[in-house]
Amino acid sequence: MLAIFKNGLVNPPKELNSPFSFNACERPKGTEETLKDFLASHPINGFSIGFLDKALLAYAPPQSALVPHQRLFCGVNDIYCIFLGSLNNLSNLNKQYGLSKGGNEAMFVIEAYRTLRDRGPIPAHKVLQDLEGSFGFVIYDHKTGTVFAAIGAEKALNLLFWGIADDGSLMISDNVDLIKASCKKSFAPFPAGCMYHSERGLMSYEHPMNKMKAMPRIDSEGVMCGANFTIDTFSKVNSIPRVGSEANWATWGQQA
């Protein structure tokens with residue numbers, strides 16, 4: 001999968017941007033070129049969806065039963081989700097949200113997001129804490145121009161990578177080679193147990209009262225390569241944003 005969000009739609013952490021990223025002799029690929037590479041690698045069942053000059057989503061279902069995790073795509077009422085992995089408690093979650101038993105993880109995540117955006121009285125981190133399993137997902141809400149991404153707390157598997165391309169776009173993918181092609185050194189694994197919202201930014205849903213801090217990543221060549229983000233145990237946030245009719249996810253950047 002590949003998600004590209006244009007500069008101006010999102011404001012990713014500045015620490016992702018490595019000063020050494022574009023000093024190399026090899027020119028980074030443009031985001032459109034990397035998208036073409038993705039589609040060329042999935043000629044039979046790969047597809048992409050463009051949203052004016054704001055976002056691009058590309059997806060291809062797993063081509064082999066040997067793929068370590070499932071990959072799902074779903075779109076409902078201008079909300080689009082790419083989901084990787086699985087939820088061990090999906091059946092209970094579907095029942096809790098009044099969804100059909102046959103609904104998959106991507107359908108559930110869209111419904112959970114929509115509930116939080118429109119009428120949910122509980123913070124987003126509480127919902128994510130209820131998800132059990134190894135998972136990662138990216139949501140694009142075309143109606144509000146909102147990007148929301150998260151990855152499970154399980155640290156044994158890097159499901160998603162994110163980076164900043166030469167044109168300032170934010171790229172998210174489960175294929176690190178696609179990220180490297182356009183972002184060069186300006187990328188990192190998406191941090192486990194965290195969520196990113198285009199208004200609120202990056203935060204830990206496991207430890208929502210703590211701020212995040214960036215730790216420089218050094219690659220095998222000894223060059224700074226983006227940043228790893230960890231919990232700052234000595235720094236606290238002022239308040240936790242809530243969602244619902246009083247403060248929905250479209251205005252999540254405002255303090256609750």
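**Aromatic pairs, sheet and burial in a predicted model**

Ring pairs join F5, F47, F51, Y59, F73, Y80 and Y140 into a cluster. Rings of Phe, Tyr and Trp (its six-membered ring) are taken to pair if their centres lie within 6.5 Å; planes under 30 degrees apart count as stacked, over 60 as edge-to-face and the rest as tilted. The model is predicted, so local features need pLDDT of at least 70 and side-chain atom pairs count only at pLDDT 80 or more, whereas totals for chains, interfaces and linings use all residues. Residues are numbered from 1 along each chain as its sequence is written, and side-chain values use heavy atoms, with hydrogens and water left out.

The structure holds 14 aromatic pairs. In one of them, the ring centres of F5 and Y140 are 5.9 Å apart and the planes stand at 40°, so this pair is tilted. The pair links distant parts of the chain, with F5 in strand β1 (residues 2-5) and Y140 in strand β6 (residues 135-141), 135 residues apart. Helices (H or I, at least four residues) and strands (E, at least two) are DSSP runs, numbered from the N terminus. F5 and Y140 are both buried, where buried means under 20% relative accessible area, exposed over 50% and partly exposed in between (1.4 Å probe, protein chains only).

For W162 and Y196, the ring centres are 5.7 Å apart and the planes stand at 70°, so the pair is edge-to-face. This pair also links distant parts of the chain: W162 belongs to strand β8 (residues 161-164) and Y196 to strand β11 (residues 194-197), 34 residues apart. Both W162 and Y196 are buried. A further ring, that of F187, has the charged end of R217 over it, 5.1 Å from its centre; the criterion is NZ of Lys or CZ of Arg within 6 Å of the ring centre and within 35 degrees of the ring normal.

The protein chain has five helices and 14 strands. Six strands form an open sheet in the order β2-β3-β1-β9-β8-β10, with antiparallel pairing; two strands pair if DSSP finds at least two bridges between them. The edge strands, β2 (47-51) and β10 (187-189), each pair on one side only. From one strand to the next, the twist averages 15°. Axes are lines fitted to C-alpha atoms, for helices over the stretch in contact, and angles run from 0 to 180 degrees between N-to-C directions. Within the sheet, β1 and strand β3 (residues 55-59) run antiparallel and are joined by four bridges, and A3 stands opposite L57 in β3.

Two helices lie across strands of this sheet. Helix α1 (residues 31-41) lies across β1, β2, β3 and β9 (170-173) and runs at about 15° to β3. Helix α5 (residues 176-183) lies across β8, β9 and β10, running at about 160° to β9.

Strand β5 (residues 79-85), which contains I82, is mostly covered, as seven of its seven residues are buried. Six bridges join strand β4 (residues 71-76) to β5 in the antiparallel sense, with R71 opposite L84 in β5. The hairpin of β4 and β5 has two residues between the strands, and N77 takes a positive phi near 50° there. β5 also pairs with β6, antiparallel and over seven bridges; G85 has F135 in β6 as its bridge partner. I82 has a relative accessibility of 1% and therefore counts as buried. Leaving out residues up to four places away in sequence, I82 touches M1, L57, A58, Y59, L72, F73, G136, F137 and V138, contact meaning heavy atoms within 4.5 Å. The C-alpha atoms of I82 and G136 are 8.5 Å apart in space, with the two residues 54 apart in sequence.

S198 lies in the loop between β11 and β12 (201-204) and, at 11% relative accessibility, counts as buried. With residues up to four places away in sequence not counted, S198 touches L9, V10, G145, T146 and V147.

The structure holds zero disulfides, a disulfide being a pair of cysteine sulfur atoms within 2.5 Å. The sulfur of C183 has its closest cysteine sulfur in C225, at 9.9 Å, too far for a bond. C183 is buried, with a relative accessible area of 0%, and C194 is buried at 2%.

Of the 256 residues of the protein chain, 53% count as buried. Among contacts in the protein chain with a separation of 6 or more, 62% are between residues 24 or more positions apart.
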